[in-house]
Amino acid sequence: MLKIAVFVSGKGSNLQSLIEKIDPKKAKVLAVVSNKSDCLAISYSEGLGIDTFIVDDKHFSDSLSSDEITDVLQTKEIDLIVLAGYLKKLPASMVDSFENRIINIHPALLPSFGGKGMYGMNVHKAVYNSSAMISGATVHFVNRNYDEGLIIAQRSVDITNIKSPEEIAAKVIKIEHELLPYVVNCIAEKKIIIKDNRVEVSPLNGE
Ligand code: GRF
């Protein structure tokens, strides 16, 4: 059983699609971590009875430090950390403690439109302003630099006739809700390996 912790900061729609679409025989979300105690993703998780933890939120009295969160996740024997709309940079110590066991979903086709400040609508506005004709979503391993880890999977969407950044966001989020559970199911089935500093993904059974 792949034991997962999901990090969130916002609505949690990716968290929800992940919980609905991962294979329950092979993977389970055991913890949800957020830097915002009042976000929708946290209320959703609490409603499902999942253990939730708040990190580095000075407005929340029970907030934990990054080192304390790392300890909690190690005690729970978490195998995989999934960043699903998590807006803070993970400290290097946490990245090192979970080397090659942290993934992120980014709402564009990396290595374009990534890096510091490129999150949420900022990404879609940059894509719109570039007049790009395709966008999409990327799931990648997390290293010490924003959006620079090895790419695991991508899906593209046609945005040729799009009229606003919001329209791009609406198309991309649909792709995200398929791509992230797909990658997590692949990891649960041990279909993803890093070889010669590249990612190799074998198809899931039935594909
Ligand atoms: C998603 O677009 C994700 O790619 C980005 O932030 C958004 C989070 O949405 N990093 P949600 O909280 O999963 O609804």
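A polar side-chain atom of Ser13 is placed 2.5 Å from an oxygen atom of the ligand, a polar contact in the sense of a pair of N or O atoms within 3.5 Å, where within protein one atom must be able to donate a hydrogen and the other to accept it, and residues adjacent in sequence count only if both atoms are side-chain atoms. The model is a predicted one, in which local features need pLDDT of at least 70 and side-chain atom pairs count only at pLDDT 80 or more, whereas totals for chains, interfaces and linings use all residues. Residues are numbered from 1 along each chain as its sequence is written, and side-chain values use heavy atoms, with hydrogens and water left out.

Glu176 likewise has a polar side-chain atom 2.5 Å from an oxygen atom of the ligand, and a polar backbone atom of Asn14 lies 2.8 Å from a ligand oxygen atom. The residues surrounding the ligand include Gly10, Lys11, Gly12, Gly85, Ile105, Pro107 and Ile173, each with a heavy atom within 4 Å of it.

The strands form an open sheet of seven members in the order E3-E2-E1-E4-E5-E6-E7, with mixed pairing; strands (E, at least two residues) and helices (H or I, at least four) are DSSP runs numbered from the N terminus, and two strands pair if DSSP finds at least two bridges between them. Strand E3 (51-54) and strand E7 (151-158) are the edge strands, each pairing on one side only. Neighbouring strands of this sheet are turned by 20° against each other on average, direction ignored, the axes being lines fitted to C-alpha atoms, for helices over the stretch in contact, and angles running from 0 to 180 degrees between N-to-C directions. Strand E2 (residues 27-34) pairs with E3 in the parallel sense over four bridges, and Ser34 stands opposite Ile54 in E3. Helix H6 (residues 165-188) packs on the sheet and touches strands E1, E2, E4, E5, E6 and E7, its direction making about 150° with that of E7; contact here means heavy atoms within 4.5 Å.

Ser45, located in helix H2 (residues 40-47), counts as buried because its relative accessibility is 0%, where buried means under 20% relative accessible area, exposed over 50% and partly exposed in between (1.4 Å probe, protein chains only). Residues up to four places away in sequence not being counted, Ser45 touches Leu15, Val32, Ile50 and Thr52.

Lys89, in the loop between strand E4 (80-83) and helix H4 (92-97), is partly exposed at 43% relative accessibility. Its contacts, leaving aside neighbours within four places in sequence, are with Arg144, Asn145 and Tyr146, and a polar side-chain atom of Lys89 lies 3.1 Å from the backbone oxygen of Arg144.

Backbone geometry was also examined. Most residues other than glycine have a negative phi, and most peptide bonds are trans. Glu77, in the loop between helix H3 (66-75) and E4, has a positive phi of about 55° although it is not a glycine, and is exposed at 52% relative accessibility. In the loop between E5 and H5, Phe113 has a positive phi near 55° and is partly exposed, with a relative accessible area of 24%. The loop between E5 and helix H5 (120-130) also holds Pro111, and the peptide bond from Leu110 to Pro111 is cis, with omega near 10°.
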